[in-house]
Each structure stands twice: as structure tokens, then as C-alpha cells.
Amino acid sequence: MRVIGTAGHVDHGKSTLVRKLTGIDPDRLEEEKSREMTIDLGFAWLDMPSGETVGIIDVPGHRDFIENMLAGVGGIDAVLLVIAADEGVMPQTREHLAILDLLGIENGLIVLTKIDMVDDPDWLDLVEQDVLDIIQSTNLANAPVLRVSAQTGEGLPELINQLGNLLNTMPPNLDYHQPRLSLDRIFTVSGFGTVVTGTLLGGTLQVGDEIEIQPSNLRGRIRGLQSYKQPVEQAQPGSRVAINISGIEKSALKRGQVLTYPRQLQPTVLADVYFRHLPDASRNLKHNAQVKVFVGAAESMAHVRLLDAETLPPNTEGWLQIRLEQPLTLAQGDRFILRYPSPSETIGGGLVVNPQPGRRWRRFQPDVIEQLEMRLTGTSAERVTQAANQPQPIKRSAIQKETNLTDDELDSAIGEALQSGHLIEYSDGTFLAAVQHHSLLQAMRQQLEAFHASNPLRRGMSREQLRSQLNIKQATLTLLLDSQSAILADGTLLSLAGHEIRFTPAQQAGVNQLKAQLDAEPFTPPSYQEALQMVGEEVLLALIDQGGIVQVQPDIIFAAATYQQMIDGVLELIDQNGEITTGQLRDHFNTTRKYAIGLLEHLDQRGITRRVDDTRVRGSRA
């Protein structure tokens with residue numbers, strides 16, 4: 001489905017043309033009818049001979065209502081630039097044309113209307129030549145010029161035919177599963193409640209969907225959908241849609257708010273944009289100048305920060321960071337218009353390149369400009385890689401949200417980025433830019449190298465300690481470990497491949513002494529403190545890390561083989577007798593009550609045994 005806009009300086013003639021084409025009067029207000037002048041947005045639709053329904057937004061032509069015009073043209077696919085044949089090109093015609101050019105509207109028809117008011121063919125030729133001259137340097141340079149009369153019907157069949165040809169050449173509206181609709185009308189219907197309208201972009205909406213209104217962070221649900229007065233279960237991108245919302249009152253809504261899925265878009269007060277200054281702007285654009293920003297149906301006062309120039313003269317381009325006075329809900333790729341608030345003047349516009357910079361940039365920073373240039377002109381694969389250049393791996397849906405690519409475009413771009421080695425895909429289907437992946441792996445190795453140097457007798461660093469030092473999630477750490485072989489995981493400990501614990505001759509002598517005593521008296525071994533005196537703390541911790549010694553209580557240790565032998569003995573006695581007491585364990589291993597109690601309490605904690613009064617039975621983890 002498509003939406004076209006009617007623009008130009010004609011008011012009554014423009015609305016009359018829409019009414020003649022569609023049978024619908026786009027002028028809704030009594031003042032519009034009495035003054036024969038379009039003041040606010042008007043809406044209609046046209047059923048084409050092909051069966052396609054085309055939405056029409058009739059925007060005001062008079063200069064006094066240019067800001068209402070801006071609220072309507074942001075979501076159109078094509079334009080009918082309507083010029084009165086009896087008046088010719090007017091200043092507001094040029095302003096409308098400049099706005100359409102800034103908004104990137106490349107498809108359109110030039111309509112010379114009211115030809116029934118002109119008797120002189122030479123005058124019509126002169127007006128047409130003036131039109132051709134002013135569109136020459138715009139996106140509409142090759143648009144056909146059609147002569148019509150809404151009163152007599154002359155030229156209308158050709159207009160419809162040319163419009164059909166134009167629609168057939170246009171690519172389909174993008175669907176990247178992120179529907180958003182900028183509200184241009186809000187009203188209530190008796191028995192139904194709140195209804196909003198707008199042009200749907202980015203994805204589909206369905207009856208029953210939970211939705212969110214930003215920047216107000218309101219939640220509601222779609223009660224019903226209509227497209228061109230017809231109830232639908234699902235609304236398609238590129239169509240005019242009326243949405244009956246439950247859970248949100250009309251009084252809480254206003255034009256320019258954005259309807260999306262929950263958590264899809266966040267409002268912002270900063271945005272990085274690429275700006276084109278109009279050739280006929282009255283003065284240079286200065287750093288920190290106050291302007292009015294128009295995006296979709298929304299507007300806000302703002303100040304502009306020039307990132308790569310001292311000033312921007314007319315007919316130049318450059319990078320701006322816009323600081324908004326009221327939060328707006330923006331997406332990458334949105335088109336915007338800037339105007340001076342007083343005296344009112346359209347000065348330029350461009351493209352939102354980063355709607356969530358998250359910080360105020362310092363001026364004249366080459367790396368910042370380079371990143372923005374990549375967002376603006378990079379290939380799809382480069383944009384995918386940039387989107388994945390994050391502290392943590394991100395999902396495919398997050399990349400799509402950042403790049404606004406369709407499913408097929410995204411699959412192709414991800415494939416190209418993976419093949420070129422600029423993107424890494426992990427086992428859970430998430431992605432990370434290769435430069436960030438390798439940087440994290442290098443940081444992991446450096447942390448472990450430093451740990452091994454400081455703790456040569458420790459088997460490794462704990463996973464939690466490494467995760468904390470890298471400031472990443474445990475899931476991210478797991479993905480990174482699974483993607484390489486230079487770092488080994490042994491339980492909760494991590495070490496570099498090739499790392500070995502090596503004792504000095506003096507340390508090894510102490511180890512041998514301790515092992516001899518553990519072998520000589522396996523069930524009444526030296527205490528932890530006695531072992532410390534023999535080998536020192538670092539060596540004892542290393543022996544525990546290696547698994548040769550098991551610490552069951554703060555001051556009780558066993559050789560690993562002895563520890564396992566005692567567990568087997570405990571379970572064997574339980575199986576024979578149904579239970580075991582402290583005394584039975586003490587007598588069975590010819591140990592002392594201290595060691596018997598210490599071991600049993602340790603086995604209780606592990607779930608190998610379970611205490612019942614003064615006895616133990618098998619635990620759930622036996």
C-alpha cells in the first residue's frame with residue numbers, strides 16, 4: 001500500500017482536485033470550508049484501476065500553516081506537487097519543493113491545475129517552463145508535468161494513468177519487524193474510545209497487540225484496526241491506519257507521539273544528524289543556534305551543535321548534534337526539517353544518523369565523524385558490523401533495529417560480514433564485531449597472564465573474578481571461552497593453556513613432608529594450621545587447587561584419596577545399617593570424634609548425607 005501527499009501553494013484548488021479524484025472532501029474543519037483554505041491535514045484515499053488503494057494526505061499550502069504541512073509529509077511515498085495554472089510558481093511552492101527534497105521524496109507528479117481558468121496557451125507554456133526550471137535541481141527533476149482541471153475533468157484520466165505508472169515503478173515498503181506510527185490525528189469514537197491515525201512504517205500491526213506510546217511511555221492494546229475505512233486484522237507497512245486503542249485516554253495523547261511495540265524505541269534528547277543547508281537560507285548556521293526540529297508529525301525546539309565546522313553557510317552540508325528541549329522518539333534513517341523559530345524560516349534538513357548517541361560529543365573529533373560517516377554511507381555489511389560493535393554480543397533483532405534492513409537484506413549483509421571476518425557469530429546465534437571479540441579475548445589473556453604472574457602457585461582465576469574485571473556478563477564469558485582454545489576452564493577456574501604449577505626445591509621438600517604425614521596417619525592427618533607450618537599458605541592453597549588435598553572444615557584436611565575412601569565407607573555403612581552414627585564412623589576408620597564430626601557435617605553440606613536426629617542417612621546427592 002502507498003501514501004501520496006498533495007503539496008504546493010494551491011488551497012481550494014488542491015482540495016477540489018482531491019475531492020474530484022476520490023469523492024472525499026479532505027477539508028474537515030468548518031473554518032477550512034468557509035475560507036476555502038486548507039489549514040490542517042486532510043485525508044482521503046483513491047481506488048486505482050489496478051485495484052490498489054492509495055492513501056492521500058492533503059497538506060496546507062499557505063505559508064501560515066507550513067508547520068501543519070510538515071506534520072503530514074513525513075510519511076508519504078510520493079507527491080502530487082499542485083500548482084495553479086492561473087497563478088504560476090509562488091514562494092510557498094519553492095518552499096514546499098525544498099522541503100520535499102530534504103525529506104528525500106523522489107517520486108512524484110507535477111500537476112498544473114485550474115487550467116480551465118486560463119485562456120492563453122502561451123501562458124500555460126510559460127508556467128510549465130517555470131516549473132521545469134525550479135524542479136531541475138531537485139529529486140523531482142524528471143517528474144512528468146500534467147495539465148488538469150478539477151472542474152471540467154480535463155486531464156484527470158491521464159493523471160490517474162501516470163499515477164498508476166509511478167506506483168508500479170516504486171519498490172515495496174520496507175518491513176523490518178519494527179512497526180511505528182507517528183500520530184497525526186487523535187479522537188474518540190462513541191462506544192469504542194480512543195482512536196489514533198497515522199502512516200504505518202517499518203512493520204505490521206495486528207489486533208490484540210500490546211503497544212507503547214513514546215515519549216510518554218504509555219502502554220495499551222490494539223482493540224481494532226482500520227485501513228481506508230475497512231476493518232483489518234493486520235495493518236501493512238506503508239498504509240494509512242486508524243487504531244482503536246484500549247487502556248490509553250485521548251487526553252494523554254498528542255500529535256507527534258509515536259506508537260510502537262513495547263521497548264522497541266526510546267525517546268531521546270540528543271541526536272546525531274547529517275544536515276543540508278538550503279541555498280536560499282538567510283544566514284549562516286551558527287554553533288548553538290536555536291532552531292525548531294520537525295520529524296514525522298512531531299516537533300521540538302532545539303539547539304544545534306556543529307561537530308565539524310565553525311559555521312555552516314547556505315548551500316553547504318555538515319554534521320550536527322541536535323540537543324532537543326522536549327524528548328522525541330527517533331529512529332535511524334528518519335528525515336527531519338529545521339526551521340528558525342523567529343522569524344519563521346525553513347533553513348534545511350537531512351537524515352537522523354544516530355538517534356541514541358548517549359553522550360554529548362566534543363567538536364572536531366575525527367573518530368566521531370568517521371563513525372558517523374560509516375553509519376551514513378557504509379555498505380549494509382559495514383553497518384551490520386558497526387551495529388554489532390558493542391560491549392556484549394547482540395541478537396539479530398537488535399542488529400535489524402539498528403540498521404533498518406529487511407530480512408533478506410539483513411541475511412545478506414550478515415553473511416558478507418561473517419565471510420569477510422568482520423563479524424563473529426556465537427553458538428547461541430548472537431553476534432559481535434570481530435574487533436570487539438578479539439579485544440575481549442586479548443583482555444582475558446592479559447588478565448590471566450597477570451594473575452598467573454602474581455599467583456604462580458594458583459591453578460587459575462575464578463570465572464567470577466575475570467568476569468567482574470572485564471565487566472561482561474557470565475553468558476558472554478561462556479561464549480568467548482567456547483570460541484577459542486588458548487584459555488582453559490576447569491570447573492569455576494580459568495587458566496591459560498600451558499600454565500603449570502611448579503614448586504621450588506625448598507617448597508617441594510615441604511610438600512613431600514606433608515604427603516608423608518598424610519600417608520602415615522591418613523584418618524588423623526595434620527591440621528590445616530600444621531600443614532601451613534610445613535609448606536606455607538601459597539603452597540597449601542596450590543595443593544588444594546590441584547585437588548591433591550581436600551579441605552572439609554577450616555582446620556581439617558584430608559588427602560584426596562583418603563577423602564574418597566571415607567565417603568565410600570560412609571555410604572557402605574549406611575547401606576548395611578540403614579544409617580550411620582558419629583561413633584560408628586570414628587570406630588570404622590580408627591579416627592577421632594573431631595574428624596568424624598567434621599567429615600559428616602561437610603558431607604551434609606554437599607548433600608551426600610542427611611542428618612536425622614543423631615544419625616545420618618543417604619542424601620539426595622549421594
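How many residues lie between β2 and β3 in the hairpin that they form? There are five, and Gly-51 in the turn has a positive phi of about 100°. This is a predicted model, in which local features need pLDDT of at least 70 and side-chain atom pairs count only at pLDDT 80 or more, while totals for chains, interfaces and linings use all residues. Residues are numbered from 1 along each chain as its sequence is written, and side-chain values use heavy atoms, with hydrogens and water left out.

Helices (H or I, at least four residues) and strands (E, at least two) are DSSP runs, numbered from the N terminus. Two strands pair if DSSP finds at least two bridges between them. Strand β2 (residues 42-47) pairs with β3 in the antiparallel sense over six bridges, and Leu-46 has Val-54 as its bridge partner in β3. Strand β1 (residues 2-8) runs parallel to β3 and is joined to it by five bridges; here Thr-6 stands opposite Asp-58.

Strand β3 (residues 53-58) is mostly covered, with six of its six residues buried. Buried means under 20% relative accessible area, exposed over 50%, and partly exposed in between (1.4 Å probe, protein chains only). Thr-53, Gly-55 and Ile-57 point one way from β3, and Val-54, Ile-56 and Asp-58 point the other way.

Helix α5 (residues 121-135) holds Glu-128. Leaving aside neighbours within four places in sequence, Glu-128 is in contact (heavy atoms within 4.5 Å) with Leu-112, Val-145 and Arg-147. The side chains of Glu-128 and Arg-147 make a polar contact at 2.9 Å. A polar contact is a pair of N or O atoms within 3.5 Å; within protein, one must be able to donate a hydrogen and the other to accept it, and residues adjacent in sequence count only if both atoms are side-chain atoms. The C-alpha atoms of Glu-128 and Ile-83 are separated by 9.6 Å, and these residues are 45 residues apart along the chain.

Further along, Thr-406 is found in the loop between α9 (396-403) and α10 (407-419). Thr-406 counts as buried because its relative accessibility is 16%. Beyond its neighbours within four places in sequence, Thr-406 is in contact with Leu-174, Asp-175, Tyr-176 and Gln-400.

An open sheet of three strands has the order β32-β34-β33, with antiparallel pairing. Its edge strands, β32 (580-581) and β33 (609-612), each pair on one side only. Two bridges link β32 to strand β34 (residues 615-618), and Thr-581 stands opposite Thr-615 in β34.
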